[in-house]
Amino acid sequence: MVHEGFGMKAVVLLSGGLDSTVTLAQAIADGREVVALSFRYGQRHCRELESAEAVCKTYGVRHVVMDMDMTSFKSALTRKDIDVPEDRAGDLSSDIPVTYVPARNIIFLSAAAGLAESVGAESIYIGANAVDYSGYPDCRPEFFKAFEEMLSKGTKTGVEGRPVRIVTPILHSTKADIVRLGKALGAPLGLTWSCYNGGDKACGRCDSCRLRLKGFEEAGCADEIGYR
Ligand code: ZN
């Protein structure tokens with residue numbers, strides 16, 4: 001599917017993970033001139049930022065890395081004293097896990113909106129997903145709709161009648177759909193990093209690794225990254 005009509009330039013939020021990398025690949029396939037935006041927000045490890053950089057190099061797109069210290073927020077992704085759950089039992093999508101970073105997408109999208117206005121981008125692509133992580137309140141369709149509405153009221157481009165649009169190409173995709181789309185678009189999935197833990201190899205046990213592995217398995221293809 002091609003996302004038409006939002007102009008040619010786009011800011012893509014890129015964590016360096018599978019979802020955001022496939023989203024970037026979709027933006028390129030949509031014909032967008034991409035500026036990728038990543039954050040050094042005090043995440044547990046910077047491994048994913050290396051992946052983000054490698055993905056940007058592959059596509060030859062500009063990569064902006066913003067510093068935003070979120071270590072005072074209560075989340076297993078920003079605080080070393082809260083453990084990342086491993087081998088968690090039951091339905092991974094049923095509750096809000098400790099890996100939720102309070103208001104993260106609100107903050108990231110706000111920064112992306114500022115960058116979009118600054119570089120003249122008409123849209124922001126975000127690889128949010130409401131299927132596997134239905135527990136994350138800032139990944140829900142109504143949140144993105146409300147955010148667009150806010151941008152139309154509170155930004156220069158918004159009041160001038162050209163509000164920045166939010167594009168969520170994989171919002172309703174399963175992990176297997178995302179893997180298949182990435183393969184179809186030729187995205188460098190082997191460069192991506194999804195594990196909540198750092199290190200040389202992914203742990204294979206955190207929620208993110210388990211969802212990723214399940215996605216590759218269901219899509220019927222091998223995950224090129226190494227696991228411990
Ligand atoms: Zn992991």
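Mentor: A residue is buried if its relative accessible area is under 20%, exposed if over 50%, and partly exposed in between, with a 1.4 Å probe and protein chains only. Helices (H or I, at least four residues) and strands (E, at least two) are DSSP runs, numbered from the N terminus. This is a predicted model in which local features need pLDDT of at least 70 and side-chain atom pairs count only at pLDDT 80 or more, while totals for chains, interfaces and linings use all residues. Residues are numbered from 1 along each chain as its sequence is written, and side-chain values use heavy atoms, with hydrogens and water left out.

Trainee: Which residues of α2 are buried?

Mentor: Helix α2 comprises residues 47-59. The residues concerned are Glu48, Leu49, Ser51, Ala52, Val55 and Cys56.

Trainee: Which exposed residues does the face of α2 turned away from its buried side carry?

Mentor: The buried side of α2 is covered by elements that include α1 (18-29), β2 (33-40) and β3 (62-67). The face turned away from that side carries the exposed residues Glu50 and Lys57.

Trainee: How many of the residues of α1 are buried?

Mentor: The buried residues of α1 include Leu18, Val22, Leu24 and Ala27. They pack against β1 (9-13), β2, α2, β4 (123-125), α6 (175-185) and α7 (207-219), where contact means heavy atoms within 4.5 Å. Helix α1 is largely enclosed by the rest of the structure, so the buried count is 10 of the 12 residues.

Trainee: What relative accessibility does Thr23 have?

Mentor: Thr23 lies in helix α1. Leaving aside residues up to four places away in sequence, Thr23 touches Val12, Tyr125, Ile126, Gly127, Pro169 and Ile170. Thr23 counts as buried because its relative accessibility is 0%.

Trainee: In β2, which residue is the bridge partner of Ala10?

Mentor: Strand β1 is mostly covered, with 4 of its 5 residues buried. Strands β1 and β2 run parallel and are joined by 5 bridges; two strands pair if DSSP finds at least two bridges between them. The partner of Ala10 in β2 is Val34.

Trainee: How far apart in space are Val98 and Ile82, C-alpha to C-alpha?

Mentor: Val98 lies in the loop between β3 and α3 (104-119), and at 42% relative accessibility it counts as partly exposed. Not counting residues up to four places away in sequence, Val98 touches Ser75, Ala76, Ile82, Asp83 and Pro85. Val98 and Ile82 are 16 residues apart in sequence, and their C-alpha separation is 7.9 Å.

Trainee: What phi does Ala103 have?

Mentor: Ala103 lies in the loop between β3 and α3. At 28% relative accessibility, Ala103 counts as partly exposed. Although Ala103 is not a glycine, its phi is positive, at about 60°.

Trainee: Within what arc do the buried residues of α4 fall?

Mentor: In α4 (residues 141-154), the buried residues are Phe143, Phe144, Phe147, Glu148 and Leu151. Seen down the axis of α4, they line one face of the helix, because they fall within an arc of 135°. On the other side of α4, Lys145 and Lys153 are exposed.  The arc asked for is 135°.

Trainee: What geometry does the site of the zinc ion have?

Mentor: Cys195, Cys203, Cys206 and Cys209 coordinate the zinc ion through their SG atoms at 2.3 to 2.4 Å. Donors are N, O and S atoms within 2.8 Å of the metal (3.2 Å for Na, K and Ca), and sites may look incomplete, as water is not among the atoms. Four donors count as tetrahedral if all angles lie between 85 and 135 degrees. The angles among the 4 donor atoms are 103 to 118°, and the site is tetrahedral.

How values were computed:
Four donors count as tetrahedral if all angles lie between 85 and 135 degrees; four count as square planar and six as octahedral if opposite donors are over 155 degrees apart and all others between 65 and 115; anything else is irregular. The expected span of a helix is 1.5 Å times one less than its number of residues. The arc is that of the directions from the helix axis to the C-beta atoms.
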